[in-house]
Amino acid sequence: MMERTPLHEQHRLAGAKLIDFAGWDMPIQYSGVIDEYQTVRNRVGLFDVSHMGRLGISGTGAGAFLQRMTTNDVMKLAVGQAQYSMVCNGHGGIKDDIFVYRTGLHDYLLCVNASNRIKILDWLRQHPGNDEGWTIEDRTAAVAQIAIQGPLSTTVLGSLMEDDLGTLKLHHFRESRVASLGCLVARTGYTGEPGYEINVPSDEAPVLWNRLLERGRAQGIKPAGLGARDLLRLDMGYLLYGNDIDEETTPLEAGAEWTISWNKGDFVGSQALLRQRQTGPTRHLVGLELLEKAVPRHGCKIVSKRTSEPIGEVTSGNLSPLLQKGIGLGYVPFDYKEAGTEILIDIRGKLVPARIVKPPFYRKPKR
């Protein structure tokens with residue numbers, strides 16, 4: 001039986017098309033993927049992301065433990081700050097890409113991918129090390145997560161908050177009251193638009209969801225599903241676990257070396273990553289754009305234009321509704337990683353010309 005978020009009934013009543021996503025019964029779309037995508041790019045959309053895992057780690061040893069188990073520098077976080085990071089295995093392969101929130105002096109919240117929640121829980125529990133005084137708690141069932149994203153998200157959410165949302169900086173969060181409900185409001189998201197992610201007790205999530213939809217009606221707010229979310233993140237070149245990264249890929253190969261703090265001391269996977277840094281990775285994740293109207297999909301072969309031989313595979317791909325061109329991500333050998341390099345994409349036996357580009361594919365125009 002699939003798991004359901006606290007907002008499942010709201011999705012059903014709204015006529016959402018529900019699918020199995022990492023064992024959760026989740027909305028793939030409501031009004032339509034393209035309509036929802038355009039709503040988030042131009043106005044404001046509402047996502048249920050309660051399927052994401054939320055793990056609380058607390059105690060005097062929590063910071064030191066996370067410093068050892070993640071790639072980024074947890075000690076740089078002040079209370080109220082968040083950072084994107086990776087959890088790696090001993091070979092430097094990515095077990096998950098996560099967000100770390102410092103919620104107190106000795107308290108942290110990890111947001112992990114739904115498909116990896118149990119794996120990461122087990123991994124952390126298997127590596128107690130010498131750190132003392134920390135405990136881990138799975139809060140996924142107790143806390144729902146709602147994302148409000150788009151150019152008008154600050155207007156809608158701010159009108160329901162008791163304090164000034166405009167002072168909240170990117171990758172910061174605060175405890176606040178939204179529609180009179182106690183929430184944790186974070187200025188984070190995975191769409192490339194201004195936006196926020198709101199943690200709220202699960203039993204209060206339907207009330208908050210409905211209030212946000214009511215308050216945002218004048219701004220054209222709409223609920224959005226996983227289909228729109230995937231298009232939005234691909235526009236930005238953001239990584240999708242299981243497609244673009246997994247335990248066989250490293251942060252260096254995935255173009256995410258910026259998530260690694262080399263000066264903080266040893267962490268799980270650091271020695272393998274340091275060796276790869278010294279020798280250089282043999283393959284790189286790159287962006288690619290098609291030069292003819294076609295749609296690259298996960299698994300399509302990337303072919304060398306010089307040799308006509310396969311050199312990699314598309315890991316994520318689609319037709320960008322805004323750019324009206326096929327875009328994607330994929331791993332290629334070192335010699336092909338430079339922007340402007342011409343390649344071919346094998347789409348059902350047809351070799352479609354393409355070129356390597358540097359993400360993001362979509363850059364928001366200055367207003």
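The model is predicted: local features need pLDDT of at least 70 and side-chain atom pairs count only at pLDDT 80 or more, while totals for chains, interfaces and linings use all residues. Residues are numbered from 1 along each chain as its sequence is written, and side-chain values use heavy atoms, with hydrogens and water left out.

**The whole protein**

Display the entire protein as a cartoon. The protein contains 8 helices and 19 strands; helices (H or I, at least four residues) and strands (E, at least two) are DSSP runs, numbered from the N terminus. Along the principal axes, the C-alpha atoms occupy a box of roughly 65 × 55 × 45 Å. The radius of gyration is 21 Å, which agrees with the value near 21 Å for a compact globule of 367 residues; this radius is taken over C-alpha atoms, and the globule rule is 2.2 Å times the number of residues to the power 0.38.

Of the 367 residues, 56% are buried (under 20% relative accessible area; exposed is over 50% and partly exposed lies in between, with a 1.4 Å probe and protein chains only). Among contacts (heavy atoms within 4.5 Å) between residues at least 6 apart in sequence, 65% join residues at least 24 apart.

**Leu212**

Select Leu212, which lies in helix H6 (residues 205–215). Leu212 is buried, at a relative accessible area of 0%.

Most residues other than glycine have a negative phi, and most peptide bonds are trans. Select Ala22, in the loop between strand S1 (17–21) and strand S2 (24–29). Phi of Ala22 is positive, near 55°. Ala22 counts as partly exposed, at 39% relative accessibility.

Move to Arg348, in the loop between strand S18 (342–347) and S19. Here too phi is positive in a residue other than glycine, near 55° for Arg348. Arg348 is exposed, with a relative accessible area of 81%.

**Pro359 and Pro360**

Finally, select Pro359 and Pro360, which are joined by a cis peptide bond with omega about 5°. Pro360 is in the segment after strand S19 (350–357).
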